[in-house]
Amino acid sequence: MATTANKNINAKLVLLGDVGAGKSSLVLRFVKGQFVEFQESTIGAAFFSQTLAVNDATVKFEIWDTAGQERYHSLAPMYYRGAAAAIIVYDISNQASFERAKKWVQELQAQGNPNMVMALAGNKADLLDARKVAAEASSSLTSWLYSFTVGPFNHDKYSSLLSRI
């Protein structure tokens with residue numbers, strides 16, 4: 001949940017998605033301004049924090065980057081429990097990744113915080129030639145959540161989303 005004290009806001013944010021979707025790359029780009037083309041898979045989860053000035057408040061994001069491998073799926077509720085926001089990430093060049101993202105959305109709807117802000121991120125926009133997930137495919141999911149496509153060179157959309165949270 002997001003908590004407020006003297007215009008200082010703490011917000012727990014969790015990233016969920018299939019292995020190789022680019023969750024860690026998104027977080028590293030946001031927190032450290034780095035892009036690593038060949039990122040190793042996350043084991044369990046990784047924790048980051050980032051503070052942003054948003055309007056007249058200071059927001060500290062407590063970011064949980066979860067592992068995408070199926071063997072770690074049972075740990076996910078521990079990370080999304082109490083989260084103010086979730087970003088469900090899929091790889092636009094991998095249809096199975098998008099199908100898994102839809103399952104994450106369903107799980108969060110059933111078990112997550114009912115006030116959680118959710119976003120669907122089509123990642124790897126730099127691989128448009130290899131795109132397997134049509135841009136319109138996410139439209140059935142996005143009537144109630146944010147949707148955006150990101151890549152290594154347009155991470156401003158990610159920062160913009162976090163500002164809205």
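Student: What reaches to the backbone nitrogen of Ala-96 at the start of H3?

Tutor: A side-chain oxygen of Asn-94, to within 3.0 Å. This is a predicted model: local features need pLDDT of at least 70, side-chain atom pairs need 80 or more, and totals for chains, interfaces and linings use all residues. Residues are numbered from 1 along each chain as its sequence is written, and side-chain values use heavy atoms, without hydrogens or water.

Student: How do you know that the span of helix H3 agrees with its number of residues?

Tutor: Helix H3 covers residues 95-111, 17 residues in total. The expected span is 1.5 Å times one less than the number of residues.

Student: Which residues of H3 are buried?

Tutor: Among them are Phe-98, Trp-104, Val-105 and Leu-108. Arg-100 and Glu-107 are also buried. Their cover includes strands S2 (8-17), S5 (85-91) and S6 (117-123), as well as helix H2 (76-80).

Student: Why is Asp-91 called buried?

Tutor: Buried means under 20% relative accessible area (exposed is over 50%, partly exposed in between; 1.4 Å probe, protein chains only). Asp-91 has 7%, so Asp-91 is buried. Asp-91 lies in strand S5.

Student: What makes a polar contact with the side chain of Asp-91?

Tutor: The side chain of Ser-93, at 2.6 Å. A polar contact is a pair of N or O atoms within 3.5 Å; within protein, one must be able to donate a hydrogen and the other to accept it, and residues adjacent in sequence count only if both atoms are side-chain atoms.

Student: Which residues is Asp-91 in contact with, leaving aside neighbours within four places in sequence?

Tutor: Contact means heavy atoms within 4.5 Å. Asp-91 has Gly-20, Ala-21, Ser-97, Asn-123, Lys-124 and Val-133 as partners.

Student: Why is Leu-15 called buried?

Tutor: Leu-15 has a relative accessible area of 0%, so Leu-15 is buried. Leu-15 sits in strand S2. The C-alpha atoms of Leu-15 and Val-27 are separated by 8.6 Å, with the two residues 12 apart along the chain.

Student: How many helices and strands are there in the protein?

Tutor: Four helices and seven strands. Helices (H or I, at least four residues) and strands (E, at least two) are DSSP runs, numbered from the N terminus. Of the 165 residues, 47% count as buried.

Student: Where is confidence highest, and where lowest?

Tutor: Confidence is pLDDT, the predictor's score for each residue, from 0 to 100. H3 is highest, at a mean of 90, and strand S1 (residues 3-5) lowest, at 53. The mean for the protein is 76.
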